[in-house]
Amino acid sequence: MSILITTANILRLMSQLERGVTVKDLTEHLAMPKSTAARVLKQLKDSGFVDKNRQSQQYEPGLMFLDASYLVRRHSSLIDVTEKALRELCLQTGHTGYVSIMDKNDVLALRVIPGTHPLQVVTHPGKRSSVWGTSTGRAILSRMTDAQIAAQLRETLEDPAFGSTLDFAQLMQRINQVRDCHWSAAINELVSGVASVSCSVKEPSNGECLAFCLSFPAAMADEAEIDRLSTLVCDAAKKIAQIVGDRYWSC
């Protein structure tokens, strides 16, 4: 195993454990011989990649990694990182992609990436949709507490025009499902014949939260396709989270 792959595995382990690592951690979690683990950590420390905490005796990210992380965050906004990851998904799947943000009780499409599939589903940037009736909206709402969601949707809940449309108890049941699996799906909801699978990502430093989704014809939305796409969008969200420091995806 190359030193680059070994280093990457050690950093992933730090992220998973949410702390520094010890020789014992590397032997238990990475199946690494004790002598090899000790040698690798010493090499990383001597090179400035990690530092050893004298109190905990754990090896933690060093200044070199922290400086590199700062540069990545400084030059990569959340929306740009998200759009880049989504473009790769659209190319891989052929489906159309959207990056959206919550604005009051709507989700607003900020970026649209047309797919290559013959049956494309396209909405133009600036399109507004109900935050509670879309997969992107529910992906964002799932980040909020129940009380915050109730306050956010208070006007909608109290408007008689929505009385037969928005069932708050049912909405919360669906949001709890999103909280469990970290992704949301919609099939034939606000737009007939359209399906989507979404995830949300958040920038901890400023609280900005975006949702991104793959949208496709509902006729293609069988269980296997939903499972496949949910895995893809979640994997993409985890990569974005590593860049911006979104700990939601390390759970």
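**Exercise 1. In this predicted model, find which residues of α5 meet which residues of α10, and sort the residues of that contact by type.**

Solution.
- Step 1: On the α5 side, the contact is made by L78, V81, T82, A85, L89, Q92 and T93.
- Step 2: On the α10 side, these residues meet R228, L229, L232, V233, A236, I240, I243 and V244.
- Step 3: Sorted by type, the residues of the contact of α5 with α10 are eleven nonpolar, three polar and one charged.

**Exercise 2. Describe how helix α5 and helix α10 pack, giving the angle and the distance between their axes.**

Solution.
- Step 1: Helix α5 covers residues 78-93 and helix α10 covers residues 223-244.
- Step 2: The two helices pack at an angle of about 150°, and their axes are 10 Å apart.
- Step 3: Angles over 145 degrees count as roughly antiparallel, so α5 is roughly antiparallel to α10.
- Step 4: The crossing of α5 and α10 is right-handed.

**Exercise 3. Work out how helix α1 and helix α3 are oriented to each other, and name the residues that make the contact.**

Solution.
- Step 1: Helix α1 (residues 3-17) and helix α3 (residues 34-46) have axes that cross at roughly 90° and come within 11 Å.
- Step 2: Angles of 65 to 115 degrees count as roughly perpendicular, so α1 is roughly perpendicular to α3.
- Step 3: I3, T6, T7 and I10 of α1 make the contact with V40, L41, Q43 and L44 of α3.
- Step 4: By type, the residues of the contact of α1 with α3 are five nonpolar, three polar and no charged.

**Exercise 4. Describe the second largest pocket by its space, and by the residues of its lining.**

Solution.
- Step 1: The second largest pocket holds about 470 Å³ of space.
- Step 2: Its lining has 24 residues, and T123, S129, T134, V191 and V194 are the closest to the centre.
- Step 3: At least two lining residues each come from β3 (96-103), β4 (106-113), β5 (128-130), α6 (135-141), β7 (194-202) and β8 (209-217).
- Step 4: The lining divides into ten nonpolar, eleven polar and three charged residues.

Terms used
Residues are numbered from 1 along each chain as its sequence is written. This is a predicted model: local features need pLDDT of at least 70, side-chain atom pairs count only at pLDDT 80 or more; totals for chains, interfaces and linings use all residues. Side-chain values use heavy atoms; hydrogens and water are left out. On a 1 Å grid over the protein atoms alone, a cavity is a set of points where a 1.4 Å probe fits but cannot get out, and a pocket is an open set with protein on both sides within 12 Å along at least five of seven lines; lining residues have an atom within 4 Å of a point. Grid points are joined across faces, edges and corners, and a volume is the space filled by probe spheres set on the points. Helices (H or I, at least four residues) and strands (E, at least two) are DSSP runs, numbered from the N terminus. Ala, Val, Leu, Ile, Met, Phe, Trp, Tyr, Cys and Pro count as nonpolar, Asp, Glu, Lys and Arg as charged, and the others, Gly among them, as polar. Axes are lines fitted to C-alpha atoms, for helices over the stretch in contact, and angles run from 0 to 180 degrees between N-to-C directions. Angles under 35 degrees count as roughly parallel, over 145 as roughly antiparallel, 65 to 115 as roughly perpendicular and the rest as oblique. A crossing is left-handed if the near helix is turned anticlockwise from the far one by less than a right angle, and right-handed if clockwise. Contact means heavy atoms within 4.5 Å.
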